[in-house]
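Look over the sequence and the model first, then read the points below.

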Amino acid sequence: MPQQNTQQMLFLQPQQPTAAVYPAQTIYQPQQQPPYILQPTVPQTRTEERPNNYVNLHPTLINTSNAANTAPNPTTTIAGGINRPAGRKQFTNGVNVNERRTNANSSIINKPHVATSSASTNQRQKKVPAEPGSWQIPPAAQQQLSAVQQRQSQQIETLELRIAENVYDTEAWLSLLDEVKNKGDQNKIRETFRNFTDKFPTVSRQWIEYINFELSQDDKNKVQELYPNSFRCAVSVDLAKHYIENVRNQVETSDPPEPDPIGNIISIYKYALNHVGLDIESGVIWQDYLNFLNSIEPMDNILNELRDAYKQALKIPLNNIEEIWKSYKKNEKKVSLPNQQPIKKQQYDRISTVVKDLRRFTDKINKNIIPTPLKWTKSETEQKHYVEKWVEWEKSNPLRLESVDLSKRIIYAYKKAMMYMRYYPKIWHDAAEYLVSIRDEDWTSIKNKKVEAKALFGSLIGKEFKETKEEIAVNLLNTAIEIIPDSLMVNLRYAELKEHLNQNSYRHRDSNPDAFQEAFCENFKTYESLLAIMDKKYEKIEQDMQAEVDALIKRHDVKETENTTYEDGETRELKRKKQIGLKNELLEVEERKKRQLDKIVSAGGIIWINLISFVRRVKGLEEARKLFYEKAVLSRLCTYNVYAEFALMNSKFARKYIKNAHSTYGAGPDNDNSPAGDDMKIFKLGLDRKELAENPNYIAEYLKFFIIKNDHINIHSVFEKYIQLIPSDQSKILWDIYCPYVYKYCTLFKIRNIEERRRQIYPQESSIKRFADRFGLPDTSLLKNEIGSQFDHVMVPATKTPTVLRNKKETREPAAPERLALLKSVSQETFIRPKMQSSWLLYDQTEAEKEQPTVGSVSGAPPEKIARHLATLTPVSNYKGPIINPAALMNVIVKNNNILVPSVRDRSPARTEGRSRTRQTETFGKQRGGAPKRRRRDYDGEDDDSSDRGKCSIILL
């Protein structure tokens, strides 16, 4: 599987392995062999249930023995609330913790520590039998095992192909992790975990599984590398609890014991709390920390740590704030100083209220989400809503904190927000904006506490933390660009801040040209890379749409035969539906392609405008003009806005930057070297492109330019020219620009003329609105007082001409369901259409026959059975089936039933005497495609041929 590129998160970037996972900090100066006395306490029962991914995690301890050969042990809880493997000796400062439990009633435990060598420890370990050799496995079992391994390999290959097609397929990633773990290939497991954490570095659950895997391999160096990297990427309480549990177990079970175990354990808790201590869910860690400090003999240094821990914990809105308050009240006398005022209950009450308010947002945020590029589903929209509400709530300072503490909480909220909405550009942009807006004195206070600042900002700062807040913001936006490289908001804000930081290099361009060129190229590369990304997206959309069109044509596979005369109606109708469906789908694909390309092109226009402005600010108008003529106008991402903005820019700065001739890029039409001539050249250069010449927005910018220039002649000429070329439904923007100019600066005759023309073109437009525009009343409240509150955009309803029937007697009633889909012709040469105006020619009846009602006659009632059947049928207007060829239908009926259809002959009295004859004419639609006409056949029947006439009557029915 290809190695994924490492992407940074917020303040988080994997670094090289450090010397130690938890550098021991000097909390106090211990004496020579200090007599630490651990005072046991009864474990407190937790009211908050730990998540499943924390309860079930009991990784093997980092020990010199092989962790793979150690069977998992049940866990028990000791003071401090941390799970410990039962049955294992645990030493804290030379004291066996297991023995300490049995002597819980004694006040002081002072048992000597008996050191055990690693050799004796290994002898006591249970030996695990070796795996059987291949010759010991039965052939059938070996074949079954090979089949299972083969299926696993195929499944892994399938999942890797899915990931290669879509790297954000989280379901495939999780399934791949499960498969490689089941297969048991250690190198493949490590590689898969590394690829997953590189692509999704903010998912704490997979970090914990990765660390557990390395713990099972007894690779301490790898674990020491993973813990700092995971903390830089995933701001997670579960990860912090996992870190505390494993590293504290290592300290307590070290053999020989460490020289300062209590100091190391305090450092472990502080390291974790510096990263997640402000989280509402970190109360369990604070409680464990306080329980641990309370379990130690109350020496001065320990009491100072306990006092500071209570003071900090009771300032943070935690889920278990009530338990911490009870613990404080229980130990208030021990931690209070004579000259220090205790924590008031009002502070606890305020924090309790704030916790309930904060949980309105945090409880509704999905914290187990694997972030992927946004598709703006309902869940993603809700996630964005609650994350933004949370950040706004923090900025309102409901805790009434000082500005420094408030800044820390807001920065932490942005860190969590960027975890949950990793691909949302606005979060990154707002975080950078807030960093820049921090007051200088607050920023100095934050920098002075380097340990907390390192945990808060991570890889955004160096070891010495000499960066300014602007540089931190630039580093943050640079991380965002690696995650969402096509974001305009992030890239443009980054380029602006980077230009601000390089101002010194730009000012001293003459004294230090190398630094100037380096800074310029760095800024220029940002815009250039963004344009390249947009150009690739443009090509990809075209390729994808072309592939979709080819797939549609191949799927439909519509083939027109040379002669479709003898095809039945159902087949022809199916072909016609296929052609209509294909055309509709192709139109839909074309419209979707146009919408997507318009977005890309619009983004490209914004980038070009900002790039040209940057070059003009740094290198002058001459370089900007060179960039426009040599590159911008040749790009397919150059929109009409680029022409209009550059023309205005040239008009404003031409006289300032270019004192002499316009050199290479300044000559206007007809060698006009004036700045105005160059402006005209820019606009006319855009008009040479057909898509811009027909764009009403570009013509509107052209018209605005002449209004700014006060060029009266060109204003009227441009308007009158393009008002005739652009349809009226698109040219309204030109009227909205031109009419106010006419109202203010033209004669009354011109005003009334333009009013009448506009009224004729847009009869549905409100006359009140035109009145307000004409007399210059932007404040419509004056007119509202006179005509009422319905002034805003009053529109006269458009009158529709009623649809009249062909007989012009009355308007059409509500029609039955339309059959346009069936009647619409796709290819007149291919499909036959009956002549609807043709009618059946019934035979002429005798006087005797007319007196008797015939079957199907309008005057007489049909037989009872036929009438009952007709009553069950749906109305004819509801029929939407295929159009049947009547000639083919009649031929089938006549042929299959041996019916002889009489023809029409001249009736003479001589021939009608004494007998009854039936004559009827078949008139069928003329067959297209050269089909011969059907001849009339005469039939002279006998006197008893009335049954044949009955059959003909049934056919007519």
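A residue is called buried when its relative accessible area is under 20%, and exposed when that value is over 50%. By that rule, 42% of the 957 residues in the protein chain are buried. The model is a predicted one. The protein chain has 41 helices and four strands.

**The chain as a whole**

- The protein chain exposes about 55100 Å², and carbon and sulfur atoms supply 51% of that area.
- Among contacts between residues at least 6 apart in sequence, 67% join residues at least 24 apart.
- The number of disulfides in the structure is zero.

**Nonpolar cores**

- In soluble globular proteins, nonpolar side chains tend to be buried together.
- The largest nonpolar core here has 121 residues, and Ile285 and Phe457 touch the most other members.
- Helix H17 gives this core its largest share, eleven residues.
- A second, separate core has 76 residues, among them Leu692, Phe706, Ile737 and Cys746.
- Leaving aside neighbours within four places in sequence, isoleucine 285 is in contact with Val237, Ala240, Lys241, Ile244, Tyr269, Leu273 and Val276.

- Helix H9 covers residues 237-252.
- At 1.5 Å a residue, the 16 residues of H9 should span 22 Å, and the end C-alpha atoms are 22 Å apart, so the two values agree.
- Of the 16 residues of H9, 16 are buried, so this helix is largely enclosed by the rest of the structure.
- At the start of H9, a side-chain oxygen of serine 236 comes to within 3.3 Å of the backbone nitrogen of aspartate 238.
- Histidine 242 is found in H9, and its relative accessibility of 1% counts as buried.
- The side chain of histidine 242 is joined to that of tyrosine 227 by a polar contact of 3.0 Å.

**Proline 228 in helix H8**

- Proline 228 lies in helix H8, which covers residues 220-233.
- Because its relative accessibility is 7%, under the 20% limit, proline 228 counts as buried.
- Proline 228 and glycine 458 are 230 residues apart along the chain, while their C-alpha atoms are separated by 9.8 Å.

**Alanine 519 in helix H24**

- Alanine 519 lies in helix H24, residues 513-556.
- With 4% relative accessibility, alanine 519 counts as buried.
- Not counting residues up to four places away in sequence, alanine 519 touches Asn502, Ser505 and Tyr506.

**Backbone exceptions in loops**

- Most residues other than glycine have a negative phi, and most peptide bonds are trans.
- A cis peptide bond joins aspartate 255 and proline 256, with omega about 5 degrees.
- Proline 256 sits in the loop between helix H9 and helix H10, the latter covering residues 261-276.
- Arginine 400 is not a glycine, yet its phi is positive, at about 55 degrees.
- The loop that holds arginine 400 runs between helix H16 (378-395) and helix H17 (403-420).
- Arginine 400 has 66% relative accessibility, over the 50% limit, so it counts as exposed.
- Asparagine 710 also has a positive phi without being a glycine, near 60 degrees.
- Asparagine 710 lies in the loop between helix H30 (696-709) and helix H31 (712-725).
- At 56% relative accessibility, asparagine 710 counts as exposed.

Note on methods: Residues numbered from 1 in each chain as written. Predicted model: local features only at pLDDT ≥ 70, side-chain atom pairs only at ≥ 80, totals over all residues. Heavy atoms only, no water. Helix = DSSP H or I, 4+ residues; strand = E, 2+ residues; numbered from the N terminus. Buried < 20%, exposed > 50% of the residue type's maximum accessible area, 1.4 Å probe, protein only. Expected span 1.5 Å × (residues − 1). Polar contact = N/O pair within 3.5 Å; in protein donor to acceptor, adjacent residues only side chain to side chain. Contact = heavy atoms within 4.5 Å. Areas by Shrake-Rupley, 256 points an atom, 1.4 Å probe, with all protein chains shown as cover. Core = buried A, V, L, I, M, F, W, Y, C linked by side-chain atoms within 4.5 Å. Disulfide = S-S within 2.5 Å.
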